Amino acid sequence: MTGRKHVNVWVLVGLIAAACAIAVFSLIYGTGAGGAFEGADGQAEGTIGEVSPQYEPWFEPLVPELPGEVESGLFALQAGIGGGIVGYGIGVLRTRSRHRRDSGIAAAGTATPGAAPAGH
């Protein structure tokens, strides 16, 4: 294992540890705040009701209220699509980086001693 891969493994371990710490912190914070997880929409509706009880929404939703299973499914679909897009982007960047590194190694391997590097 090279030193570079060793550093990358520790960066990955650090990121996973940070993600776990954020998850644990949010659970502890949520438990201290009443224990109920609620979306931002519900909190905003409650705050608007407190600030302006006469407020009436500007429009009605296009889709009537969906059952909880459908909402959960749509949320999971949205998360899956977003995760796929992020994963694709990371894969493209990693592949591009690997390609540049490999082409640099190939160019260095074919260069004759004393000759100028290709492209200069």
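Trainee: In which helix does I85 lie?
Mentor: I85 lies in helix α3, residues 68–110. Helices (H or I, at least four residues) and strands (E, at least two) are DSSP runs, numbered from the N terminus. The model is predicted, so local features need pLDDT of at least 70 and side-chain atom pairs pLDDT 80 or more, while totals for chains, interfaces and linings use all residues. Residues are numbered from 1 along each chain as its sequence is written, and side-chain values use heavy atoms, without hydrogens and water.

Trainee: Is I85 buried or exposed?
Mentor: Its relative accessible area is 57%. Exposed means over 50%, buried under 20%, and partly exposed in between, with a 1.4 Å probe and protein chains only. I85 is therefore exposed. Of the 120 residues, 1% count as buried.

Trainee: How many aromatic pairs are there?
Mentor: The count is 1. F25 and Y29 form that pair, at 6.0 Å centre to centre and 20° between the planes.

Trainee: Why is the pair of F25 and Y29 called stacked?
Mentor: Rings of Phe, Tyr and Trp (its six-membered ring) pair if their centres lie within 6.5 Å; planes under 30 degrees apart count as stacked, over 60 as edge-to-face, the rest as tilted. With 6.0 Å and 20°, F25 and Y29 are therefore a stacked pair. They are 4 residues apart in helix α1 (residues 3–32), so about one helical turn separates them. Both F25 and Y29 are exposed.

Trainee: What is the pattern along the sequence?
Mentor: The pattern reads α-α-α, with 3 helices and 0 strands.
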